[in-house]
Amino acid sequence: MICRIGERVHRGRVVRTTTTVDQRALTRAVRAGEATDDGTTIAIQARTPGPVHERVGCLHHEMGLRTRTALAEAARSRGHTTALDSRIETLRERLAELTVETVETTDQRQAVAEASANTERLQEAVAETRGELKARREDGDAPETAEQFRDTARELSEAETAFVAARQNLERRRHAARQARNKLAQRMDIEDELANAEREARRRLVERTQTAFESAIESVPGGPESVGNPFEVDSLTAGLAVARLADLAAPVVLACDRFDSPTAASAFLGAPVIATEV
Amino acid sequence: MLLVITYSRAARQTLRNVCRSHEDCVVRQFGQAALLDATEFAAFQALRLREKHGTAVQVEWTEPFNEFERVPEGVREAATAYESREQAATPYERFASGRDLPDPEAMREQEL
């Protein structure tokens, strides 16, 4: 690899950084080719990392690890496959093909509520004006009130028409939302099936590699005295064991004191290493 | 009550979280749906879900179903008669023909 940190260039399978540089920035640079840490540009030319690098590409004392997932990825990196793979592939393709549009009905709901309130208000106004008109007519002619009554009645009629239109509009929109939700429900079914298939594939891969994983844990320097449940050892030990099992062509960023030298770490992991100060 | 139905894994998870954290406003919880009680707080939770997940959250206002208000007598009687039929295997259509009971097609066409 060629690893450039600021002005300094390191070459070779094993690199020890001489300046203080953040391991997360180094890892980002391994994955993306370039990253910056506190104004320092890091550029790394090396093999492209695969999915297992996402799990164990950066090993340090505070790391977290979903051990089973990582172990399954390690098995994949070694070319292990399962009988579920073609099903998983098909489900992923179906998901990718399924596009669902968003259908909002908020504006339509609001329009209905407003039209309804408006109609109600005008109904009351018409009733009130009608009462007033009746009272005035008993006293004689009331042309102004009659005109006001006609105006209010006309407004009410318009409002009622608008209310019907708003309701129809909302109904159409709801229909579209229902169609979209049919597709969403379909998508969720596929996603559920995919998640189950992936879980089952993972389980099988873990089952197949568990013995090798236990041996790897035993060989990790500074690991536990005895391995009870291999999935309960500390994350760094588990991460080192998984990385040893995995086929890692891209550099592993290492910030731990388990090895005598970065070269020893690289030999243990069978991978290029960028070692930083702990 | 408020019926909240979810249509994505993320929305379903949020609904489950809401139901777990606010049991007091949950009347009933199903796989991807929940009935919440008719309070402002439950509405707040439902709206929050919709705000977060958009189309993947459906909120409906439900009310108890009173057949004596909504359903014609003939339909109610048909249900009673059919459930006390002697032969379990008789489909409703055959059961109704020759009796004074509503036709299933006609019922399908008739909205409540």
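Colleague: Which element gives the largest share of the lining of the largest pocket?

Modeller: α6(A), with seven residues. Keep in mind that this is a predicted model.

Colleague: Which other elements supply at least two residues there?

Modeller: α5 (106-139) of chain A does, along with α2 (40-53) and β4 (57-61) of chain B.

Colleague: How much space lies in that pocket?

Modeller: About 670 Å³. The lining has 24 residues, and among those closest to the centre are Arg174(A), Arg181(A) and Glu60(B).

Colleague: How do the lining residues divide into nonpolar, polar and charged?

Modeller: Eight are nonpolar, seven polar and nine charged.

Colleague: And the second largest pocket, which residues lie nearest its centre?

Modeller: Glu73(A), Arg76(A), Arg92(A), Glu198(A) and Arg202(A), out of 14 in the lining. Nine of the lining residues are charged, four nonpolar and one polar. The space there is about 290 Å³.

Colleague: Switching to the sheet. What is the strand order in chain A?

Modeller: β3-β8-β7-β6, an open sheet with parallel pairing. β3 (14-16) and β6 (58-60) of chain A are the edge strands. Neighbouring strands are turned by 15 degrees on average, direction ignored.

Colleague: How many bridges hold β7 and β8 of chain A in their pairing?

Modeller: Three. Leu254(A) stands opposite Ala275(A) in β8(A).

Colleague: Which strands does helix α1 of chain A lie across?

Modeller: β6, β7 and β8 of chain A, at about 170 degrees to β7(A). Helix α7 (235-245) of chain A lies across β6 and β7 of chain A, at about 145 degrees to β6(A).

Colleague: Last one: how is chain B divided?

Modeller: Into domain 1 (2-61) and domain 2 (67-103). Their centres, over C-alpha atoms, are separated by 36 Å.

Notes:
Residues are numbered from 1 along each chain as its sequence is written. Chains are lettered from A and ligands numbered from 1 in the order in which they are written. This is a predicted model: local features need pLDDT of at least 70, side-chain atom pairs count only at pLDDT 80 or more; totals for chains, interfaces and linings use all residues. Side-chain values use heavy atoms; hydrogens and water are left out. Two strands pair if DSSP finds at least two bridges between them. Helices (H or I, at least four residues) and strands (E, at least two) are DSSP runs, numbered from the N terminus. Axes are lines fitted to C-alpha atoms, for helices over the stretch in contact, and angles run from 0 to 180 degrees between N-to-C directions. Contact means heavy atoms within 4.5 Å. Domain bounds come from an automatic or database domain assignment. On a 1 Å grid over the protein atoms alone, a cavity is a set of points where a 1.4 Å probe fits but cannot get out, and a pocket is an open set with protein on both sides within 12 Å along at least five of seven lines; lining residues have an atom within 4 Å of a point. Grid points are joined across faces, edges and corners, and a volume is the space filled by probe spheres set on the points. Ala, Val, Leu, Ile, Met, Phe, Trp, Tyr, Cys and Pro count as nonpolar, Asp, Glu, Lys and Arg as charged, and the others, Gly among them, as polar.
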